[in-house]
Amino acid sequence: MSQALRVKFGGQSQGAGAGVTRLLAVVILAVSVVLPAAAQNSRAPDGFADLAERVMDSVVNIKASQRVAQRNVPAPQVPPGSPFEDLFNDFFNRQGPRAPQQGPQPNQRSQSLGSGFVIDSSGIVVTNNHVIAEATDVFVVFNDGSELKAEVLGKDPKTDLAVLRVKSEKPLKAVKFGDSDKARVGDWVMAIGNPFGFGGSVSAGIVSAKQRNIRSGPYDSFIQTDAAINKGNSGGPLFNMAGDVIGINTAIISPSGGSIGIGFSVPSNLAMPVIQQLREFGETRRAWLGVAIQDVDDETAEALKLGAKRGAMVTGVDEKGPAKPAGIEREDVIVRFDGQDIKSSRDLPRIVALTPIGKEVDVVVVRQGREVVRRVTLGRLDESPQQASFQQNDPRNANPSSGANIVPGLNLGALSPEARRRFNVKDGIEGVLVGQVDPNSTAAERRISAGDVIVEVQREPVKSLADIRKRIETLKSQGQKRALFYVASGPEGTLRYVTLPLE
């Protein structure tokens, strides 16, 4: 740049004009110095060696083992004179005697390998839950080859996080978390881990996407990266270029089992509150709103006068939950929670879980086309395991019912005691039974199946074919082309809303 300026301005004469020219030269030179500094973050780094050297000692390998019962597998019986007799005898003779053993068999040790990183010099290590989930013994292996037995402070399957503690005679080198919300798509990142047992492996790439939902849990909001992540990288850190951890490497998509450039990391801003709770309490303590929700599609948005597809639709309100006394009702669509917009149903559980228990929050719902604000004091979520099952009945096994053509694609019938037993309909569910479903209908696309029960049509209960016929005729006379059906499914009576055409 300076040479170009000399060529441009070198022949200028002295005087007033020259003064102006020199002033311009100073301005242009100043710009030439400032611009590269401002754009430095957008350029590819010269290398990752300095960063890797700075954080490498904080990244560890995790060895987790468990004892499993050994099975005594008898040698296969080969007919005498078979051409395979000598082959099998030779093989099993080399393995030693395999006589049947009496009593309990000795345990075998199964081992898994993963990654982790130190977040506190006193000996606090973070990894994935699935790395140590069923382990009876966990060891942390450091970059210098030293190995320490670890204590599991807590683990959370819903976010796939676990916190370990080791006792070291000297302070450990720790890394700190960064702000994952500030990471942008296209930013450079670096991963370090233990892929396939090769500890201290470094890979680099960019942030490919944010807020990915891979349906691994209720709080999915992963950072996607093309930095190479393989088996054994689980639990390792994803660094930004400042050396801060913005993600915890957790999963990959791969048909081959190796990296194809699609890896996922738990964002640091989602992980930090969970890690703090696991350190402090040994368990997670999440806030609870007390509603069942589902997504809003275009047809449902039209039926509810939302204007556009958004929010989380309330399909049920827990009688003992915080939402009930606050006045939140079924069919409300939650569009804002504590000042944060709810774009889809998967946003709400994550935002609620990260809110302090006992906090009073404003919840904005759309009810019959109008926004209503409800003030809710959040409770604590009971995270004890619950057994639930859901099964779909095969429509080919159902007899046609007498309510054909009331709702396109459905044959409907009365919910008699015999039908309730046949389709295993939960006690207390009342409505009109779906007997058959046209496989080419919109109802089939919306996962309506034989044995489902229509409980309401557009906010009005229906208990007979006459009820549902009258309700639909009324809606048609009002010019409606589709309606909102409240449907109970499966032996658990799971309730959800489905928008179906009326003609």
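User: How much space lies in the largest pocket?

Analyst: Rolling a probe the size of a water molecule over the atoms shows where empty space is left. Here the largest pocket holds about 1,400 Å³ of space. On a 1 Å grid over the protein atoms alone, a pocket is an open set of points with protein on both sides within 12 Å along at least five of seven lines; a cavity is a set where a 1.4 Å probe fits but cannot get out; lining residues have an atom within 4 Å of a point. Points are joined across faces, edges and corners, and a volume is the space filled by probe spheres set on them. This is a predicted model: local features need pLDDT of at least 70, side-chain atom pairs count only at pLDDT 80 or more, and totals for chains, interfaces and linings use all residues. Residues are numbered from 1 along each chain as its sequence is written, and side-chain values use heavy atoms, leaving out hydrogens and water.

User: Which element gives the largest share of that pocket's lining?

Analyst: Strand 28, with 6 residues. Helices (H or I, at least four residues) and strands (E, at least two) are DSSP runs, numbered from the N terminus.

User: How many cavities of 30 Å³ or more does the structure hold?

Analyst: It holds 2. Of its 12 lining residues, the closest to its centre are Val425, Gly451, Ala488, Ser489 and Gly490.
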